[in-house]
Amino acid sequence: MEYIAIVLANIVAILIIAPIIDGIERKIKAKLQCRKGPPILQTWYDLVKLFRRPSIVTEEYSLAYVISPYIIFANMTLALALVPSFTRISLSFFGDIIVLVYLIASSSIFLAIGSISSGNVFATIGANREISLATLSKLLMALVLATFATLKRALTLGSIFPIIPPYTLSAIISIILFAIIAYIDCYKLPFDIPEAEPEIIDGILVEYSGKSLGVLKYSTYLKRILLFTIIVDLILPRNIPTLLLPISYFTFLLALSITYVCVETYFGRLRIDQALKFMKTMVPILLVVWFIAYLHY
Amino acid sequence: MKTPRIDIFKEALKTGVVTKKYPFEPVEAPEGFRGKPSIDFEKCIGCEACVNICPPNALSVEIDTKRGIKRVMLFLGRCIFCGRCQDVCPTEAIKLSREFELSSLNSKDLYQIVELKMAKCKICGRYYATVRQILFTAKNVPKDQRPLLLLCDECRSKVSAKHISYARW
Amino acid sequence: MSLKLFRRSLWVYHLNSGSCNGCDIEVLNIFTPYHDVERLGIKLVASPRHADVIVFTGPITRETLPKAIRAFFAVPEPKAVVAVGSCACGGGIWYDSYAVIGGIEAFYRILENYYKIRLPLTVYVPGCPPKPEAIIYGIAVLRGVLKQKQRKTYFLEKEVPALTRDFIVNLEKYMKQEGGINIGKK
């Protein structure tokens, strides 16, 4: 009973801080552009406003269009329950690493299906891009997680984290590669191709409004937090006392998001073929790293 | 010289925040800014010079022939702030201020209306010009010609034609 | 009106309905670092479905009318409208052109006649183009943060001197006596 309560408390805490982290990112981005920037709680204000607004449905929508935001949100919350965040306790069972990959991949498939079902042309372009990015980025993510699993010879996330104490070559390279893949998966600036705002007017999100848009935005923030959490878990040492764990987790999370934002301000958007080319070059590297991990180096 | 990208941070730290606090502290429009045109009601003589020159017809005029009232209306919603009315006004009654906070929730609030009383022609009894306009014109007219100003255009031309023909004869 | 919802967050959809781009530049100006309305929770969105407020610029040409109506109905209720510039407020310099509907009020008349809808709260921001500060002020008025300064002014001339032959001939003398008539004072 306690176990479930702790996991639920964990999820609730992450649900609360996810928009705040985004608010901090917006503030930092504003400061880098010499602006004053929105208040830190601005993302929360936006979300609350969106949740209180009705959603308009298109004329030619189908069921997938209506329910896919909620499926994605459920996927993300479930995935957050799988990874240890503020505490070491998480929903842990044999093979949960595969479930994690499945949840991340299926959420982006559902996003594409939902936006195609809206019947909007721009949404279709966005979905097209989303799928072509997701096929590669989810493959990369699966390969990286497979590398971790091979390194620790385990299929449970609890026994994989943290990856670092044996300072092997493959562990360090795979962490760096995972950071890059997480960056791509966050829809950060050079890779925000599916929802390119000035180009294809928000792409996949174009037909969503009100509540469903709020849920989709919320699950995007949750996805960022999820990927950050995995990175933090990979490098956070195991011997930190339990009381200090939430604080150190939050500091690491903040440091990661700040780094990512600083990187984001550098770049303009890539073309879809450039992004795909970039990811294609990563596949052989990852396969080599996987092999090295298999050899225990 | 190609600047390295790390300079973004240096630049941001050096510049600081450039944002103005506008809605919470007042902002003065620069000198020579063409803002809201406002009609000085005491000076307006209803001569229609501004109405004729206004490019988007933001200034319009209505003549109420029953009550003998000339209504000059300025609709700020259509005004393009060109300042030609200011140039053409003989009494400097209309002037462009530097005020720019004109937003309103109701388009009726964007109207400025001046109603001026008109004078009746002494012969035919028609309303023909505002009293103020007649007085303004009278100052620039020799004293012996002034009584002609009390007549409407048609009557005046008839009367003056009569004067001329008498003089010839 | 239900503008409490937008007190902290307001997403703006910019709808150019045949404007000359003067107002569009000023609308984009308020998102620059100098004015930065993101600090007030205002964000420019690309899709009308995400928006709370439509920023109308331009006199609504015949060509853009059907698109403007579609974009108008794509915004979920409750919504509001900001009419930026003389063209959107009252048709501007093209108010009587055959190619132009003539501002937001004519647009509303069409909506009322054909769709029978309740009209949204509208704020008029006159100017050709308005200063960026004027647009920010308009949005502040819409949110109820600042008070509206502009009021309808109405002046009716009450007393006029009786125009007699004697009065008009000896105008200078009478003007000195009364002192109240200040016609043509430069």
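**Figure 1. V114(B) and its bridge partner in β6(C).** The bridge partner of V114(B) in strand β6(C) is F155(C). Strand β5 of chain B (residues 111-120) pairs with β6(C) in the parallel sense, over 4 bridges. Strands are said to pair if DSSP finds at least two bridges between them. Helices (H or I, at least four residues) and strands (E, at least two) are DSSP runs, numbered from the N terminus. This is a predicted model, in which local features need pLDDT of at least 70 and side-chain atom pairs count only at pLDDT 80 or more, while totals for chains, interfaces and linings use all residues. Residues are numbered from 1 along each chain as its sequence is written, and chains are lettered from A and ligands numbered from 1 in the order in which they are written.

**Figure 2. The contact between chains C and B.** Chain C contributes 52 residues and chain B contributes 50 residues; two residues are in contact if their C-beta atoms, placed from the backbone, lie within 7 Å. On the chain C side, the elements that give two or more residues are α3 (85-90), β5, α5 (132-143), β6 (153-156) and α6 (165-169). Of these, α5(C) gives the most, with 7 residues. By class, the chain C side has 29 nonpolar, 12 polar and 11 charged residues. Ala, Val, Leu, Ile, Met, Phe, Trp, Tyr, Cys and Pro count as nonpolar, Asp, Glu, Lys and Arg as charged, and the others, Gly among them, as polar.

**Figure 3. V169(C) and the residues it touches in chain B.** V169(C) lies in helix α6 of chain C. Leaving out residues up to four places away in sequence, V169(C) touches K143(B), R146(B) and P147(B). Is V169(C) buried or partly exposed? V169(C) is partly exposed, because 16 other C-beta atoms lie within 10 Å. A residue is buried if 20 or more other C-beta atoms lie within 10 Å of its own, exposed if 12 or fewer, and partly exposed in between, with C-beta atoms placed from the backbone.

**Figure 4. The parallel sheet of chain C.** Five strands form an open sheet with parallel pairing, in the order β2-β1-β3-β4-β5 (chain C), and here the count is 5 strands. Its edge strands, each pairing on one side only, are β2 (42-45) and β5 (121-125) of chain C. From one strand to the next the twist averages 25°. Strand β1 (residues 10-16) and strand β3 (residues 53-57) of chain C pair in the parallel sense over 5 bridges. Within that pairing, T57(C) in β3(C) is the bridge partner of N16(C). Helix α1 of chain C (residues 22-29) packs on the sheet and touches β1, β3 and β4 (80-84) of chain C. The direction of α1 of chain C makes about 145° with that of β3(C). Axes are lines fitted to C-alpha atoms, for helices over the stretch in contact, and angles run from 0 to 180 degrees between N-to-C directions.

**Figure 5. The fold of chain C.** Chain C has 7 helices and 6 strands, in the sequence pattern β-α-β-β-α-β-α-α-β-α-β-α-α. The radius of gyration of chain C is 23 Å, well over the 16 Å that the globule rule gives for 186 residues, so chain C is more spread out than a compact globule. The radius is taken over C-alpha atoms, and the rule is 2.2 Å times the number of residues to the power 0.38. The C-alpha trace of chain C spans about 70 × 40 × 30 Å along its principal axes. Of the 186 residues in chain C, 48% are buried.

**Figure 6. Helices α4 and α5 of chain A.** The axes of α4 (residues 96-117) and α5 (residues 121-152) of chain A come within 9 Å and cross at roughly 175°. α4(A) and α5(A) are therefore roughly antiparallel to each other. Angles under 35 degrees count as roughly parallel, over 145 as roughly antiparallel, 65 to 115 as roughly perpendicular and the rest as oblique. Residues making the contact include I97(A), V101(A), I104(A) and I116(A) of α4(A), and A123(A), E130(A), K138(A) and A149(A) of α5(A). By class, this contact has 16 nonpolar, 4 polar and 2 charged residues.

Figure 7. Chain A has 11 helices and 0 strands. The radius of gyration of chain A is 19 Å, close to the 19 Å that the globule rule gives for 297 residues, so chain A is as compact as a globular protein of that length. Its C-alpha trace spans about 55 × 45 × 40 Å along the principal axes of chain A, and 45% of the 297 residues of chain A count as buried. The contact between chains A and B takes 7 residues from chain A and 8 residues from chain B. The chain B side of that contact has 4 nonpolar, 3 polar and 1 charged residues.
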